[in-house]
Amino acid sequence: MKALFFEDLKGKVAVMTGGTGVIGRSAAQALAAAGVRLALAGRDSRRAEAIAGEIASQTGGQLIGLGLNVLDRSSLEEARRVVHERWGPVQLLINGAGGNRPGATAQDERMTGADPSERGRSFFGLDLGAFDEVFRLNVMGTVLPTQVFAQDMVGTGGVVVNLSSMASLRPLTKVAAYAASKAAVNNLTQWLSVHLAPQKIRVNALAPGFFLTEQNRFLLTDEKTGEPTARTRKILAATPLGRLGEVDELQGALLFLLSDLSRFVTGTVVAVDGGFSAYSGV
Ligand SMILES: NC(=O)c1ccc[n+]([C@@H]2O[C@H](COP(=O)([O-])OP(=O)(O)OC[C@H]3O[C@@H](n4cnc5c(N)ncnc54)[C@H](O)[C@@H]3O)[C@@H](O)[C@H]2O)c1
């Protein structure tokens with residue numbers, strides 16, 4: 001019987017974009033604890049270095065912090081050079097950078113009226129510049145780092161995990177560009193998994209649902225009472241497990257997808273959403 005733990009991750013060299021974000025930080029703790037040598041990358045190099053240092057001292061793990069732009073090939077190439085100099089070829093890639101923009105978000109959930117004064121609140125009022133930015137960040141921000149870092153895996157094998165979203169499986173109201181761009185990430189994940197399988201490179205995606213974090217606490221709960229807001233009550237009613245997630249609850253699925261425990265798993269999108277995407281509401 002092969003290993004039933006994450007032992008094979010020990011000493012592997014990983015790059016994670018979005019490492020300075022809410023999910024990235026939690027993922028980095030899990031990776032460091034599993035003995036992965038991690039280049040934690042974010043937009044801001046000082047923040048990345050600070051977080052990497054903090055996690056290294058908490059866990060005794062090997063981490064470096066790097067600043068890069070997932071939409072700029074030269075900054076990605078430079079990061080790859082730094083990782084090579086320090087540890088050698090990249091074996092694991094987590095494409096965690098991603099996000100949304102307010103201008104690409106409709107203000108109304110549904111377009112109920114035909115009054116021209118309300119049109120701006122609907123799909124017709126979306127800012128196409130912001131729409132394009134969301135697509136570039138989520139889609140090209142996955143394509144480019146994969147082109148740069150997964151080159152190292154050709155011939156020797158490796159693993160790529162893309163951060164998608166539950167909104168890719170079930171588009172959420174308002175976030176038009178975000179949901180569509182994450183659906184593109186899922187499709188790209190499948191495409192890459194087929195294309196790169198002969199090289200023993202596995203490609204999967206994680207689709208997180210709703211997580212309560214310090215950043216969104218004010219949106220999801222009433223500031224004064226701490227009670228769920230109206231939108232949160234809708235989310236909870238549509239979540240079979242009946243609660244919001246905690247960011248650390250993504251760690252297990254991520255370690256699984258990166259390790260040999262999932263060695264026959266490629267081209268999948270793993271939802272970590274308390275069952276939200278499985279429930280039709282009836
Ligand atoms: N937080 C959630 O509840 C949630 C739910 C579903 C999916 N996701 C997805 O998970 C991923 C991480 O989310 P998060 O909430 O931790 O993000 P976050 O907003 O907390 O952080 C974003 C991260 O992306 C990096 N980033 C943004 N633009 C970049 C660029 N051009 N180049 C390099 N790095 C860049 C930032 O430096 C930061 O590290 C994203 O893809 C997000 O869409 C998050």
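Colleague: What ground rules apply here?

Modeller: The model is predicted, so local features need pLDDT of at least 70, side-chain atom pairs count only at pLDDT 80 or more, and totals for chains, interfaces and linings use all residues. Residues are numbered from 1 along each chain as its sequence is written, and side-chain values use heavy atoms, with hydrogens and water left out.

Colleague: How many residues of S1 are buried?

Modeller: Terms first. Helices (H or I, at least four residues) and strands (E, at least two) are DSSP runs, numbered from the N terminus. Buried means under 20% relative accessible area, exposed over 50%, and partly exposed in between (1.4 Å probe, protein chains only). Now the case. In S1, 5 of the 5 residues are buried, so the strand is largely enclosed by the rest of the structure.

Colleague: Which way do the side chains of S1 point?

Modeller: In a regular strand the side chains alternate between the two faces of the sheet. Here Val 13, Val 15 and Thr 17 point one way, while Ala 14 and Met 16 point the other way. All of them are buried.

Colleague: Which strands pair with S1?

Modeller: Two strands pair if DSSP finds at least two bridges between them. S1 (residues 13-17) runs parallel to S2, with 4 bridges joining them. Ala 14 has Leu 38 as its bridge partner in S2. Val 13 stands opposite Arg 37. S1 also pairs with S4 (residues 92-95), in the parallel sense and over 4 bridges. There, Thr 17 has Asn 95 as its bridge partner.

Colleague: What hand do the β-α-β units have?

Modeller: Look along the strands as they point away from you. A crossover is right-handed if the path from the first strand over the helix to the second runs clockwise. S1, helix H1 (residues 22-33) and S2 make a right-handed unit. S2, helix H2 (residues 45-59) and S3 make a right-handed unit as well.

Colleague: Is S3 buried or exposed?

Modeller: In S3, 4 of the 5 residues are buried, so the strand is largely enclosed by the rest of the structure. Take Leu 66, which sits in S3. Leu 66 is buried, at 10% relative accessible area.

Colleague: Where does Val 82 lie?

Modeller: Val 82 lies in helix H3 (residues 73-86). Val 82 counts as partly exposed, at 26% relative accessibility. The C-alpha atoms of Val 82 and Ala 39 are separated by 9.3 Å, though the two are 43 residues apart along the chain.

Colleague: Now the second largest pocket. How much space lies in it?

Modeller: Rolling a probe the size of a water molecule over the atoms shows where empty space is left. On a 1 Å grid over the protein atoms alone, a pocket is an open set of points with protein on both sides within 12 Å along at least five of seven lines, where a 1.4 Å probe fits; lining residues have an atom within 4 Å of a point. Grid points are joined across faces, edges and corners, and a volume is the space filled by probe spheres set on the points. The second largest pocket holds about 340 Å³. It has 14 lining residues, and the closest to its centre are Leu 172, Thr 173, Lys 234, Ala 238 and Phe 276.

Colleague: Where is Lys 200 found?

Modeller: Lys 200 is found in the loop between H5 and strand S6 (201-208). Its phi is near 60°, a positive value in a residue other than glycine. Lys 200 counts as exposed, at 62% relative accessibility.
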